[in-house]
Amino acid sequence: QKPDPVDQTIAGRDKNKIMVSISIRSWAQLKQHGADEYLAKIYGNYTTSPEEGYDFSLLVDLASLQSDTDTLIKDFSLLKRNCVACVFEKYFDLQKQYEEQGVLSKEFAIINYREDETLYIQAQKDRVVVIFSTLFKEENDIVIGKVFMQEFKEGRRGRQDAPQVLFSHRDPPLELRGTDARVGDNVAYISFVLFPRHISPKYRQNTINLIHTFRNYLHYHIKCSKAYLHSRMRARTEDFLKVLNRAKPEKSAEKKTISGKTFVRR
């Protein structure tokens with residue numbers, strides 16, 4: 001499967017300066033939701049004009065470094081995460097606003113984070129709905145994906161405070177009916193229903209950390225499941241071959257009479 005086209009480059013142009021640049025497929029859509037302002041608030045004076053061929057750049061002068069280096073390294077390593085976090089932050093705040101004003105909204109944030117795959121985010125007065133559309137390259141992936149998502153439903157029974165997770169195959173969920181959302185046998189939609197307790201100031205950063213990489217998390221575990229099944233099948237096949245080899249009858253040796261004739265004992 002073709003990797004996600006995210007280009008993140010770290011280059012030292014001289015011994016005292018380091019530039020970090022990133023290029024993201026959905027940058028134009030992220031900018032519409034305030035990505036520039038959100039990143040400027042996090043990185044402050046480290047922001048600089050984007051390097052040619054990239055969407056966003058950071059520049060740090062090691063000679064005049066004043067802030068905590070451990071915190072700075074962590075913030076720089078989370079650049080891609082923070083690019084996407086601006087959309088979640090915006091719609092988490094909108095949910096609080098809609099709750100206070102009693103507003104009903106059907107507006108969606110639409111982020112084409114991969115080729116033919118889309119992230120949808122909608123704020124309602126009592127929840128935020130996050131929907132991932134994803135494509136399965138093989139039929140077996142759909143079967144394993146359904147089993148995997150069923151485990152999410154089962155897990156919620158033991159944790160009532162967990163977000164609700166919904167899985168739909170072929171057709172988009174109700175929230176996306178009437179839109180140009182993709183339909184097909186290899187298309188699946190995973191919906192997360194986040195309630196105010198999940199997006200409160202205390203928990204929202206951890207919620208963003210966990211949910212923005214869910215698509216990669218899902219496909220990674222599908223590949224791991226297939227690799228495990230294949231290894232077990234190979235091991236079982238080797239066991240069967242050993243049984244068959246032990247079951248082969250021994251060849252009867254030829255015997256000769258005094259006159260030189262041969263015969264085989266039956």
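Predicted model: local features only at pLDDT ≥ 70, side-chain atom pairs only at ≥ 80, totals over all residues.
Me: What makes Cys86 count as buried?
Reply: Cys86 has 3% relative accessibility; the limit is under 20%, and therefore Cys86 is buried.

Me: How do you know that Cys83 is in no disulfide?
Reply: The nearest cysteine sulfur to that of Cys83 belongs to Cys86 and is 7.5 Å away. A disulfide requires sulfur atoms within 2.5 Å, so Cys83 is in no disulfide. By this rule the model has zero disulfides.

Me: How do you know that the span of helix H7 agrees with its number of residues?
Reply: Helix H7 covers residues 214-246, which is 33 residues, and at 1.5 Å a residue it should span 48 Å. Its end C-alpha atoms are 48 Å apart, so the two values agree.

Me: Which residues of H7 are buried, and what do they pack against?
Reply: Phe214, Arg215, Leu218, His219, Ile222 and Lys226 are buried. The elements against which the buried residues of H7 pack include strand E5 (108-114), helix H5 (139-158) and helix H6 (204-211).

Me: Which residues have the most contacts inside the largest nonpolar core?
Reply: They are Leu79, Phe88, Ile121, Val130 and Phe192, in a core of 52 residues. Helix H4 (residues 79-101) supplies the largest share of this core, eleven residues. Apart from this core lies another of nine residues, among them Tyr120, Val129, Ile131 and Leu135.

Terms used. Residues numbered from 1 in each chain as written. Heavy atoms only, no water. Helix = DSSP H or I, 4+ residues; strand = E, 2+ residues; numbered from the N terminus. Expected span 1.5 Å × (residues − 1). Buried < 20%, exposed > 50% of the residue type's maximum accessible area, 1.4 Å probe, protein only. Contact = heavy atoms within 4.5 Å. Core = buried A, V, L, I, M, F, W, Y, C linked by side-chain atoms within 4.5 Å.
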